[in-house]
Amino acid sequence: MTTEQSGTTGRRSGAEPRPDGTGARNRPDERAEATPTGEGGTAEGGSGVDATAGKAGTGPGAGTADEAAAEEKAEARDDAAAGKGGAHDGPAKGGDAGDAAGTKAEGRDKSATGTADEKPADPWSAFGPAPEPVLGRARRAVRAVGRFLVHEWTLAAVAALALAAAMTWPTLRYPRHTLPQDYWDPSLQAWQMAWSGHILRTDPAMLWHANTFYPENWSFAFSDTLLGYAPAGLIGVGPEHAVLRYNIMFVLAHALAAFGAYVLARQLGAGRIGGAVAGASFAYAPWLLAQAGHLHILSNGGIPLALAMLARGHGWSLRYGYRPRRRHAGWAFAGWLVAAWQLSLGFGIGLPFAYMLAGTGVVSVVLWFVRRRRVKRPFGRRLFLADVFGGLAFAAVGAALAVPYFKVAELHPNAERTLGDIGLYSPPASGFFTAPAESRVWGGLHEGARAVLPWHPEMTLLPGFALYALAAGGLFFSVWRVRHRIFLLAGVLVTMALAMGTRFFGGRFTYVPLFDYLPGWSGLRTPGRMMLWTTLLLGLLAAGAVTALCMRVRELAAERVPPWPGPWLRLATLLPLALVLVEGLNATPQPVVPRQPAAMRTVDGPMLVLPSSQNLDQPVMLWSTDRFQPMVNGGSGFTPRSQAQIREATVSFPDYASVDYLRQIGVKNVVVLRDELEGTPWEGMLDRPVDTPGVTREQVGEAVVFRL
């Protein structure tokens with residue numbers, strides 16, 4: 001047969017025979033519909049947006065140039081697969097399959113004698129695609145590792161880690177001896193991670209019955225537990241390792257927050273720089289600097305990461321809407337697991353997250369029911385099962401974690417919050433424009449504004465003036481659709497109203513109904529932490545504006561003649577990111593942790609360390625991480641009545657009445673810290689005589705030990 005050339009494409013007409021006796025048209029077109037598989041997308045596009053998405057000719061017989069080119073490529077692949085021996089093994093121009101086979105045999109014979117006249121190669125074969133080289137296992141592994149190392153998510157994770165180390169500096173300067181902001185709440189949380197790792201390794205059934213607050217049970221549930229960090233608690237023993245562990249998790253929490261918000265913005269359709277602005281603003285907002293001593297608040301990166309995974313699994317983005325071909329049940333299930341892990345870090349921010357997921361699920365089901373005739377099977381069986389089992393896993397984790405807290409609320413009615421408590425921590429509207437003292441840029445300038453706030457550590461809620469400006473610009477110039485901008489703005493206003501607690505018209509239409517009717521909401525005493533959601537939504541508005549700006553800059557750079565100003569214009573797109581990061585610079589103090597008394601390494605429990613108070617007991621909890629002996633001391637969000645009674649009864653220690661009381665509850669040893677007595681109710685106790693029978697006094701290092 002002959003081959004017809006059509007224009008310059010070289011497309012064959014008719015059914016050309018192949019060397020194996022089959023026709024070129026007998027094999028179906030192998031070209032699949034252009035559905036992207038990656039998450040990277042284009043620089044200005046959203047996550048997972050392919051450059052070929054939206055092209056015509058996706059169905060068979062469409063008759064487009066794309067299909068013609070695809071058919072030609074398929075034929076070239078078939079021809080290459082049929083004749084791997086060389087250029088002369090391609091389709092024969094004047095014979096059938098038998099002739100081709102005979103030509104091959106003759107060529108081999110002539111090649112052996114060295115007298116064969118070689119047939120000239122088809123000159124057009126030089127323009128065909130070269131066959132893929134066959135790689136060995138080692139080279140395939142190296143190539144896979146190389147692709148992983150240069151993948152967008154790998155680079156984003158590395159950048160987030162490096163940025164976290166820099167933005168939290170000097171946390172890692174002396175990580176074994178200092179703690180960020182103060183050594184009270186961080187000591188408590190360092191103990192929490194150490195306890196969870198210790199008890200899971202030794203006696204998991206006693207997880208909720210910690211060694212502190214003796215003789216109370218369920219004491220591990222007296223505050224948020226950071227239980228999700230228990231694997232880190234399995235490594236290392238003692239106060240020094242506990243402090244090191246805390247500082248490492250402190251830096252990693254910032255890195256995860258930035259990475260999670262970046263991934264969410266990319267999945268929703270933002271560009272890389274826009275996603276970076278969203279990630280930086282979420283992790284390093286100035287108001288979060290006041291929370292440097294609250295690791296359970298800073299550990300929020302699982303929220304945007306879980307939302308990004310769920311959106312990816314359901315094939316949905318803010319910029320491109322619902323795309324069924326992008327659905328992936330594995331991503332959806334992983335999103336539910338990440339959400340469950342986030343909930344295990346504490347209900348302080350986990351409870352609003354759980355209610356947000358529940359509300360989103362209800363809205364999604366209602367929308368599907370309304371539109372079920374237009375969109376058939378919007379989920380698919382696998383995705384439906386992933387949502388069912390993932391949602392059940394999330395609910396099971398939440399229920400298992402809630403049981404100890406309900407038990408604590410039952411045993412300790414004084415632990416329940418009241419609207420009066422909420423009012424003490426509710427910030428005014430001026431708090432949204434006031435930075436905490438830990439802000440390097442605004443801390444000194446806002447000193448006067450902080451002075452009028454009743455409790456400024458929880459009322460300085462500035463997310464950043466640069467973020468405000470970028471989000472405001474995103475209302476008018478953005479890649480998001482107008483209705484989506486309105487939804488984001490509405491979310492910002494609603495979460496701000498919730499963050500004001502009872503300061504927003506008494507909270508009658510915002511915070512109070514949630515406090516009265518939602519289970520568990522009454523345990524949240526600081527409404528200002530709802531600013532977390534405000535910051536995330538502002539970051540998404542800003543990401544839309546920055547993405548639109550980057551697209552416009554690329555267009556301007558392409559239009560300029562000569563194009564040399566292009567790199568400078570693109571460099572200018574990094575200015576919003578730089579402004580956000582500058583506002584996040586910290587002046588957080590790094591106090592040295594009090595040294596562990598030698599007596600804490602030798603004295604058995606049950607024991608009492610004096611003096612005792614909320615702040616003084618938290619370092620004592622940290623000191624107990626060598627042996628975890630039972631102890632009366634402990635600090636949390638409330639003071640159990642038994643602990644208050646013990647403190648009151650021991651003010652006159654070591655008289656007979658106080659010793660007898662301690663013996664009745666089972667305390668065997670009392671450790672008195674000589675250097676901490678001044679200014680406390682126990683001042684001067686070491687000058688009192690020990691007249692009670694059976695009591696001995698011993699000096700151990702800087703402490704005095706009374707053995708009862």
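The patch covers about 640 Å² and is made by Phe333, Leu337, Phe384, Leu385, Val388, Phe389 and Leu392. Two elements, α11 (329-344) and α13 (381-411), each give two or more residues to the patch. Patch members must have over 30% relative accessible area and no salt bridge; nonpolar side chains (Val, Leu, Ile, Met, Phe, Trp, Tyr) are joined within 5 Å, and like charges within 9 Å. The areas come from the Shrake-Rupley method with a 1.4 Å probe, and for residues only the protein chains shown count as cover. Helices (H or I, at least four residues) and strands (E, at least two) are DSSP runs, numbered from the N terminus.

Phe333 sits in helix α11. Phe333 counts as partly exposed because its relative accessible area is 32%; buried means under 20%, exposed over 50%, and partly exposed in between (1.4 Å probe, protein chains only).

## About the model

This is a predicted model, in which local features need pLDDT of at least 70 and side-chain atom pairs count only at pLDDT 80 or more, while totals for chains, interfaces and linings use all residues. Residues are numbered from 1 along each chain as its sequence is written, and side-chain values use heavy atoms, with hydrogens and water left out.

## Enclosed space

A search of the whole structure turns up 7 cavities of 30 Å³ or more. The largest cavity holds about 140 Å³ of space. Its lining has 17 residues, and those closest to the centre are Phe250, His254, Leu289, Asn586 and Thr588. A cavity here is a set of points, on a 1 Å grid over the protein atoms alone, where a 1.4 Å probe fits but cannot get out; lining residues have an atom within 4 Å of a point. Grid points are joined across faces, edges and corners, and a volume is the space filled by probe spheres set on the points.

What is the make-up of this lining, by nonpolar, polar and charged residues? The lining of the largest cavity has 10 nonpolar residues, 7 polar and no charged. In this count Ala, Val, Leu, Ile, Met, Phe, Trp, Tyr, Cys and Pro are nonpolar, Asp, Glu, Lys and Arg are charged, and the others, Gly among them, are polar.

## Salt bridges across the chain

The structure has 9 salt bridges, each a side-chain nitrogen of Lys or Arg within 4 Å of a carboxyl oxygen of Asp or Glu. One of them joins the side chains of Arg266 and Glu152 at 2.7 Å, N to O. This pair links distant parts of the chain, with Arg266 in helix α7 (residues 239-268) and Glu152 in helix α4 (residues 152-167), 114 residues apart. Arg266 counts as buried because its relative accessible area is 0%, and Glu152 is buried too, at 12%. Glu152, Arg266 and Arg272 are linked in a network of salt bridges.

Next come Arg529 and Glu458, whose side chains meet in a salt bridge of 2.9 Å, N to O. Arg529 lies in the loop between α18 (511-517) and α19 (531-559), and Glu458 in the loop between α15 and α16 (465-474), 71 residues apart. Both Arg529 and Glu458 are buried.

Is the pair of Glu702 and Arg595 buried or exposed? Glu702 is exposed, with 52% relative accessible area, and Arg595 is exposed at 64%. The closest N and O atoms of their salt bridge are 3.1 Å apart. Glu702 is in the loop between β5 and β6 (703-707), Arg595 in the loop between α21 and β3, and 107 residues separate them.

## Backbone details in the loops

The loop between α5 (185-202) and α6 (230-233) holds Pro215, and the peptide bond from Tyr214 to Pro215 is cis, with omega near 5 degrees. Phe213 belongs to the loop between α5 and α6 as well. Phe213 is not a glycine, yet has a positive phi of about 60 degrees; Phe213 is buried, at 2% relative accessible area. Leu226, also in the loop between α5 and α6, has a positive phi of about 55 degrees although it is not a glycine. Leu226 is buried, with a relative accessible area of 0%.

A cis peptide bond also joins Gly605 and Pro606, with omega about 0 degrees. Pro606 lies in the loop between α21 (575-583) and β3 (607-610).

How values were computed. On a 1 Å grid over the protein atoms alone, a cavity is a set of points where a 1.4 Å probe fits but cannot get out, and a pocket is an open set with protein on both sides within 12 Å along at least five of seven lines; lining residues have an atom within 4 Å of a point.
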